[in-house]
Amino acid sequence: MMRRQKIDPEVQEDLSRVTDFDAELVKTLATVGTPVTIPQGWSIIMQSTPADSAYIVLDGEVEIRKSGEVLASLGPGDVFGEIALVNHRLRSASVVASTAIRALRLEASALESLIEQDPTFADTLRSTAESRLANDAKDA
């Protein structure tokens with residue numbers, strides 16, 4: 001069951017600007033997610049730890065790192081932290097804020113509800129997760 005809160009109009013506007021999600025999904029995300037600001041250099045996710053949330057970058061950039069090596073940079077509109085949640089496994093990489101970022105944090109329960117309610121969103125997350133995992137396998 002998703003925890004409903006008041007819609008954050010700034011988050012709703014940012015999501016509309018940086019993603020191609022439909023208006024209904026943007027509204028739901030802006031309602032169930034928690035906006036967070038993370039300083040440059042902070043670790044947001046640590047490799048090999050249990051997953052409790054995923055994030056959508058609203059502003060700024062993060063680096064995906066595995067064993068200290070930078071695998072990718074992600075920016076506004078990109079989702080991270082979803083792989084471990086979608087696949088029910090430990091985090092496959094660390095994520096560090098390469099600039100100060102604003103992001104929308106989605107708790108595991110909210111993300112699971114969204115996946116059940118919105119097949120398009122679920123497919124987007126799964127395909128992103130699969131392509132990143134395929135890239136990880138190639139790089140290993």
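This is a predicted model: local features need pLDDT of at least 70, side-chain atom pairs count only at pLDDT 80 or more; totals for chains, interfaces and linings use all residues.

Reply: The open sheet you ask about has the order 2-7-4-5. Its four strands pair in the antiparallel sense. Two strands stand at the edges: strand 2, residues 43–45, and strand 5, residues 69–74. Each has a single partner strand, so one side of each is left without a neighbour in the sheet. From one strand to the next, the twist averages 30°.

Strand 2 runs antiparallel to strand 7, which spans residues 94–97. Two bridges join them. Ile45 has Val95 of strand 7 as its bridge partner.

Another open sheet of four strands has the order 1-8-3-6. Here, too, the pairing is antiparallel. Strand 1 and strand 6 (79–80) stand at its edges. Each has a single partner strand, so one side of each lacks a neighbour in the sheet. Strand 6 pairs with strand 3 over two bridges, in the antiparallel sense. Across that pairing, Tyr55 stands opposite Phe80 of strand 6.

Helices pack here as well. Helix 2 lies across strand 1, strand 3 and strand 8. It runs at about 90° to strand 8. Helix 4, residues 108–117, packs on the sheet too. It touches strand 3 and strand 8, and its direction makes about 75° with that of strand 8.

Now turn to helix 1, residues 9–18. At its start, a side-chain oxygen of Asp8 reaches to within 3.0 Å of the backbone nitrogen of Glu10. The buried residues of helix 1 are Val11, Asp14, Leu15 and Val18. They cover an arc of only 100° around the axis, which puts them on the same side of the helix. The general rule is simple. An α-helix has 3.6 residues a turn, so residues three or four places apart point the same way.

What covers that buried side? Helix 2 is the helix that lies across them.

The face of helix 1 turned away from its buried side carries exposed residues. They are Pro9, Glu13 and Arg17.

Terms used:
Residues are numbered from 1 along each chain as its sequence is written. Side-chain values use heavy atoms; hydrogens and water are left out. Two strands pair if DSSP finds at least two bridges between them. Axes are lines fitted to C-alpha atoms, for helices over the stretch in contact, and angles run from 0 to 180 degrees between N-to-C directions. Buried means under 20% relative accessible area, exposed over 50%, partly exposed in between (1.4 Å probe, protein chains only). The arc is that of the directions from the helix axis to the C-beta atoms. A polar contact is a pair of N or O atoms within 3.5 Å; within protein, one must be able to donate a hydrogen and the other to accept it, and residues adjacent in sequence count only if both atoms are side-chain atoms. Contact means heavy atoms within 4.5 Å.
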